Amino acid sequence: MMSRLASAILGLSVLLVLVGVSTRPDAAPAAEGANNADTFTIDGVHSNVIFKIEHLGVSSFFGRFNDVSGSFLLDRENPDQSRVEIVVKYKSVDTNASRRDRHLKSPDFFNADEFPTITFTSTSVTPGEGDTFKVDGKFTLLGTTRPLSVTLNWIGEGDRGAQFGYRGGFDTTFTIKRSDFGMDWHPELLGDDVTLFVGIEGQRR
Amino acid sequence: MPGLVGLVIVLGSGRVFRAGIASEWAPTVGLCAGAGGGFVLVLGKWPTFPPIQSSEWIVYLTALALGGGVVESARLIPDGVRWASRTLVCALVVGVVSRRLFVNAGIDPATIKILWAMAPGVVVIAIASWRAQERLAREGTGALPALVLLIALAGLAVVLTLVGSLKLGQFAGSVASAMGGVLAGWWIGRRVKPGPGPIAAGWVLLLAILLTGYAYVQGLSPILAGLVLVCPPAAWIGQVVRHRRTGMALAVVCSLLPIVAAVLIAWERSHDLDADDPYAGVQRIADDTRA
């Protein structure tokens, strides 16, 4: 009896391993209802862009942008045909202090009235390890565009019912030097490195 | 530094050249060199050409101000040429500052129409205010015109700092400092008088900074911009109605009135935000701990 049980457990284990190996994803797993290629509109309410910068050389300061929009295309059969475009409005900067927000929007920093948006537009997408994608693109800040490479972590996707529809999302973290984009005023007050934490959720069109 | 540059150029030119000849160009060069050097110090770098941000264009507009000032101070130039120069300079300043507004408007026809309708009006206002400053420069006695411009620039520096742009406030402060150096050079040397040239150059720079602030600093309202622009006409009125006892004191007081009003309004608005906004000043953690 024990040997039959052991055999059954062994067989089941082998079966599970075989199933796991055969369905191991190379890239994002296709959820039920997914097409070969899906275009998603970014849901600004459930997407976040948070920035971190060194203040006075003694601490890390965090702020956020509340207006995020754009779209992304996930092509499962041809991942290199996937695309991402993210647009963030400077005027939505939020650091929990109105006067500081006004100063950040002035020509001293973000110059929000002269350059209303930060944009990232992909130029190539390469599948990486597991659910990651290496995305090369163009990052535009203060009217200056520079190449930027980021690693996107695909979180998941699926049909979330009538209220939310079919959804997918990813996140990424990357660091830029603000002086590369002409935002180099008072480097003794604020660090040059700015880290951006981006969490995106989109609804399939 | 800007004041020192203006002072050295005015004093130095008075020793090297004849006073009459030096007076035609030295104060203008001193003002523009001092102001331009101040702009570069504020930015911490020489901006690449062509600049991307309008605030960086102001460094290059210093050359335009220099040209406009030299034309104004040259004796043998006909009035028609002077007016053409003023119109061109004002149009260029408005165009450089507002070009980004047209780009941002994109293909929105309604916004483009509004911008094209407003631009000539802004140029006319700029020329009219220049004319008021120029009349004061030609009819005013002694250092009054330069002093009025100094008051307007210093007031603009304070207003811009209060409404949210320390950078542009420092720009205006640099021009004010350079004008102070030019005035000090004349007062010390008594040879090279600041005539219409540095007044015109300083006014061009004031317009460039004011228009940049008006276009891209949210807190600089039409009222605040208008109060700064009305400073020379107010001084001119004070000079017209002056009594022999008051001399130029009445004109100076009249020029101060709109600037004081602008500073008070800007101060009020700068404190009009969240009452508990911690960005207003340094938080005293120690005091809180002791309490």
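## Confidence

The model is predicted. Its scores are ipTM 0.77 and pTM 0.81. Chain B has a mean pLDDT of 79, and 80% of its residues reach 70 or more. Among the elements of chain B, helix H6 (residues 144-163) has the highest mean pLDDT, 90. Helix H12 (residues 285-290) of chain B has the lowest, 45.

The pLDDT is below 50 over residues 282-291 of chain B. Beyond near neighbours in sequence, that stretch makes 1 contact in the model. Where pLDDT is low, predicted coordinates should not be read in detail.

## Chain B: overall fold

Chain B holds 12 helices and 0 strands. Its pattern along the sequence is α-α-α-α-α-α-α-α-α-α-α-α. The chain has 291 residues, and 50% of them count as buried. Take the contacts in chain B between residues at least 6 apart in sequence: 78% of these join residues at least 24 apart.

One loop carries a cis peptide bond. The bond joins Phe49(B) and Pro50(B), with omega about -5 degrees. Pro50(B) sits in the loop between helix H2 (19-43) and helix H3 (54-73) of chain B.

## Helix H6 of chain B and the cores

H6(B) is mostly covered, with 17 of its 20 residues buried. Just after H6(B), Gly164(B) takes a positive phi of about 135 degrees.

The largest nonpolar core has 87 residues. H6(B) supplies the largest share of this core, 15 residues. The residues with the most contacts inside the core are Val93(B), Leu153(B), Leu156(B), Met179(B), Val204(B) and Val228(B). Which residues does Met179(B) contact, leaving aside its neighbours within four places in sequence? They are Leu31(B), Ala146(B), Leu149(B), Leu150(B), Leu153(B), Pro198(B) and Gly202(B). In soluble globular proteins, nonpolar side chains tend to be buried together.

## Chain A: overall fold

Chain A has 3 helices and 11 strands. Along the sequence, they follow the pattern α-β-β-β-β-β-β-α-β-β-β-α-β-β. Buried residues make up 29% of the 205 residues in chain A. Of the contacts in chain A with a separation of 6 or more, 55% are between residues 24 or more positions apart.

Strand S8 (residues 132-141) and strand S9 (residues 144-159) of chain A run antiparallel, joined by 10 bridges. Within this pair, Phe133(A) stands opposite Leu152(A) in S9(A). The hairpin of S8(A) and S9(A) has 2 residues between the strands, and Leu142(A) takes a positive phi near 55 degrees there. S9(A) also pairs with strand S10 (residues 166-177) of chain A, in the antiparallel sense over 6 bridges. Here Gly158(A) stands opposite Arg167(A) in S10(A).

## Individual residues in chain A

Arg83(A) belongs to strand S5 (residues 83-89) of chain A. Is Arg83(A) exposed or partly exposed? Arg83(A) counts as partly exposed because it has 17 C-beta neighbours inside 10 Å. Leaving aside neighbours within four places in sequence, Arg83(A) contacts Phe72(A), Leu73(A), Ser122(A) and Val125(A). Met183(A) is 100 residues from Arg83(A) along the chain, and their C-alpha atoms are separated by 28 Å.

Leu56(A) is not a glycine, yet has a positive phi of about 55 degrees. Leu56(A) lies in the loop between strand S2 (48-55) and strand S3 (59-65) of chain A. With 10 C-beta neighbours inside 10 Å, Leu56(A) counts as exposed. Asn96(A), also not a glycine, has a positive phi of about 65 degrees. Its place is in the loop between strand S6 (93-94) and H2 of chain A. Asn96(A) counts as partly exposed, with 13 C-beta neighbours inside 10 Å.

## The contact between chains

The contact takes 20 residues from chain A and 23 residues from chain B. On the chain A side, helix H2 (residues 98-105) of chain A gives the largest share, 6 residues. The residues on that side divide into 5 nonpolar, 7 polar and 8 charged.

Technical notes:
Residues numbered from 1 in each chain as written. Chains lettered and ligands numbered in written order. Contact = placed C-beta atoms within 7 Å. Helix = DSSP H or I, 4+ residues; strand = E, 2+ residues; numbered from the N terminus. Nonpolar A, V, L, I, M, F, W, Y, C, P; charged D, E, K, R; others polar. Buried ≥ 20, exposed ≤ 12 C-beta atoms within 10 Å, placed from the backbone. Pairing = 2+ DSSP bridges. pLDDT = per-residue confidence, 0-100. Core = buried A, V, L, I, M, F, W, Y, C linked by C-beta atoms within 7 Å.
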